[in-house]
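Subject: Structure for your review

Dear colleague,

Please find below the sequence and structure that I am handing over to you. My notes on what was found follow directly after.

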Amino acid sequence: MTVQKRDGRKVQFDKEKIKIAVLKAFIDVDGEETTYAKENARDIANYIESLNKSMTVEEIQDQVEEKLMASNRKDVARKYIIYRNNRTAIREKNTQLMKDISEKLNANNVQNQNANVDEKSFGGRVGEASDTVLKKYALDNCMSEMARNNHLNNEIYIHDLNSYAVGMHNCLSIPFDKLLAEGFNARQTDVRPAQSVSTAFQLVAVIFQLQSLQQFGGVSATHLDWTMIPYVRKSFYKHLKDSLMYMGKAGEYKVYNEHFREIRENCDVGIENCDWSNYFTEDFYIPQEVYSYAIDMTEKEVYQAVEGLYHNLNTLQSRSGNQLPFTSINYGTCTEPEGRMITKALLEVSINGIGKLHKTSIFPCGIFQCMNGVNRKPSDPNYDLFRLALKSTAQRLYPNYANVDWSGNDGYDRNDPKTFFSTMGCRTANGCDINGFGQLKDGRGNICPVTIVMPTLAMEVKEAINGDCTYSEQIKYVDIFLLLLDKKIHEAKDMLLERFEWICSQSPDSAKFMYENGVMEGYDGKDIRSALKHGTLAIGQLGLAETLQILIGCDHTTDKGMELAKQIEQLFKDRCAEFKEQYKLNFGVYYTPAENLCFTAMKKFQEKYGVIPNISDKKFFTNSIHVPVWIKMTPTEKIDIESQLTGYSSAGCITYVELEGSVKNNIDAIETIVDYAMDKDIPYFAINVPNDMCTNCGYCDDINNKCPMCGCNEIRRLRRVTGYLTGDYKSAFNSGKQQEVEMRVKHQKF
């Protein structure tokens, strides 16, 4: 007699397995192994053997159930049925898990969930397969049933489940001032403080790499131009000393070595503000050619150091899937000559591109910090750098623009660049810390986010009301939605608290570089909660435009839609403010990037509700509070609409406009748009222009089917996703984001 297993294999029937299974059911009910139980188990096993025919496992189990039900021990039969059902559920879960793992390992059905990960590479396949297991573990073992159901029901999305499983946090603004000045410890060695600008930039790349492995999100430098001042000075004095030694005759331009060493080590005197009489005898002075040579050599070293940073951050793949760290650098407010030199080099390297074809750099994400009295007007000291930034944006899409004077960063210290508004490339920002750090940005980040999928909630309300409704009923309909949204915001808070506690339970050894070196500020050396409490717990949102269409039949480009949009955003803002005070944790409203979620949430929505015109008739949900990408309007009109909502967000948002490629030749127009966005109190702003590059000759512009210079049809089409740039959107983006890019209209007069 043979038995066909569930995987198709055929084996010899073993009646002992039947005896054991039946006996276990009796023992579970009776609490002991009785003679009666052993006899029944033996009789049932013998009966099945007597059938003497090939059977499947399921058919054998059916026979066992029938025999138990026919006996006078139906309680045992029920126990056996429950046991069988539980085993089936576990088996089916495991079977599906193995299918999912196999799919990832073989790179079948590549989804491009992260445009910066190559899911076809060895590392990508291993990472995706590992993530499949970790995500299942997180859902089954790390959270409440409420949190799990919200995620599975497409109501509240839990980001980065794989990282949830191990208790990792999201992102961080790195305190480079401290790390470069004091040095730091790494796993195998310690690193001395930087003694030149070239070394400092090398260490910035190293620190970015090391910290990115301690977390799952982005890393940023909040004021890199200010940070590099001491190291520009160190390099300058090195070049000055060399110039004095090699350009002067013996005995001429004699330097008092002790004084020279003192000024070089302290570096508290700027390269244009030295009182040279303190360092040289009355009879000697520094000739202009010596000073000019030192300045020239310093500028060259700065440029090469910046160029090295760009190449490092675009080549050092430190995560699985050949993934580069998501790096961002903020700059533009330092008016000291050294800081200006840094900003100028950062922008020039961006404009010139990297590699033999001078490609547009993907990382770092450049962010120019606009600041009144510093770089906004022609009379401002850094206005020339602002103009250079605009030129870089026109050609390379970077930099984006951060508004230092944004009302949401009220209370910052104009004398402390560590408090200036800065952001991650994606849009994550650090608001005011309720636990003592105020507007300090360094050493803080987003601990973990969740995102409320608002169109799902709107459809749940609509289905509950069962169809169309009159205007008066529509008002009630909106009220019911707001009640449901309020409930889900509270549940989102509870989900974040669950994850926060899980992260806080981890050992500091899990992120030794971060905690040992004080990269996350506030760590007391004992409990990592002391550092984590200064970060942000972000309540995000997706699909405002579609939600409004479901509720009232129009989006927020109309007065009616904007009125309801403000009600919704005020609810988010009010609740996060209440949670912040109640729990003494930095809850914040987050306009989620949703690179992958815009696609996966729509797929789930369509599976449940089908294709609905103006709502689910495409492959993606509109990102957060953005104007739908297909609506035609001017740049100022888009800014006018979104600027009414960005103030409700404290944990990060972005506004961008789409322009024609011809804008590259009209820097004044770009300046007008950026100024308009800053004056409208937009916190974080970006401009999208076509960035197509011929992979043969490197020609970069708005290219149709083939390069106009060499005729090559292999074109790299670079586009923005979430706030960062990525590779060719036709291969790097998921299909939802691809469609979104193709539906984007240019914001101009029609």
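The term pLDDT denotes the predictor's confidence in each residue, on a scale from 0 to 100. Please bear in mind that this is a predicted model. The chain has an average pLDDT of 88, and 86% of its residues score at least 70. Two stretches call for caution. In residues 249-259 the pLDDT is below 50, and this stretch makes 16 contacts in the model beyond near neighbours in sequence. Residues 275-284 likewise have a pLDDT below 50, with 19 contacts in the model beyond near neighbours in sequence.

Overall organisation

The chain contains 26 helices and 20 strands. Of its 750 residues, 56% are buried.

Nonpolar cores

The largest nonpolar core comprises 180 residues, and those with the most contacts inside it are Met-228, Ile-452, Leu-485, Ile-539, Ile-568, Val-674 and Phe-685. Helix H17 (residues 471-504) contributes the largest share of this core, with 14 residues. Another core, of 20 residues, lies apart from it and includes Val-3, Ile-18, Val-57 and Val-64.

Beyond its neighbours within four places in sequence, Leu-485 is in contact with Ile-452, Met-454, Leu-457, Ile-568, Leu-571 and Phe-572.

Met-454 counts as buried because its relative accessibility is 0%. Although Met-454 and Leu-542 are separated by 88 residues in sequence, their C-alpha atoms are 6.1 Å apart in space. With neighbours within four places in sequence set aside, the contacts of Met-454 include Phe-481, Leu-485, Gln-541, Leu-542 and Ile-568.

Gln-541, in turn, is located in strand S13 (residues 536-542). Is Gln-541 buried or exposed? With a relative accessibility of 0%, Gln-541 is buried. Its contacts beyond neighbours within four places in sequence include Thr-451, Ile-452, Met-454, Glu-569, Phe-572, Tyr-590 and Ser-624.

Cysteines

How many disulfides does the count give? The count comes to zero, where a disulfide requires a pair of cysteine sulfur atoms within 2.5 Å. Cys-707 is in no disulfide, the nearest cysteine sulfur being that of Cys-697 at 3.7 Å. Cys-707 is buried, since its relative accessible area is 3%. Cys-710 is also in no disulfide, and for this residue the nearest cysteine sulfur is that of Cys-694, 3.5 Å away. Cys-710 counts as partly exposed, because its relative accessibility is 36%.

Cavities

The model has eight cavities of 30 Å³ or more. The largest cavity has a volume of about 130 Å³. Which residues lie nearest its centre? Of the 18 residues that line the largest cavity, His-626, Tyr-656, Lys-737, Glu-740 and Arg-744 lie nearest its centre. Strand S19 (715-721) and helix H26 (735-743) each supply at least two residues of this lining.

Yours sincerely

Terms used
Residues are numbered from 1 along each chain as its sequence is written. This is a predicted model: local features need pLDDT of at least 70, side-chain atom pairs count only at pLDDT 80 or more; totals for chains, interfaces and linings use all residues. Side-chain values use heavy atoms; hydrogens and water are left out. A nonpolar core is a set of buried Ala, Val, Leu, Ile, Met, Phe, Trp, Tyr and Cys residues joined through side-chain atoms within 4.5 Å. Buried means under 20% relative accessible area, exposed over 50%, partly exposed in between (1.4 Å probe, protein chains only). Helices (H or I, at least four residues) and strands (E, at least two) are DSSP runs, numbered from the N terminus. Contact means heavy atoms within 4.5 Å. On a 1 Å grid over the protein atoms alone, a cavity is a set of points where a 1.4 Å probe fits but cannot get out, and a pocket is an open set with protein on both sides within 12 Å along at least five of seven lines; lining residues have an atom within 4 Å of a point. Grid points are joined across faces, edges and corners, and a volume is the space filled by probe spheres set on the points.
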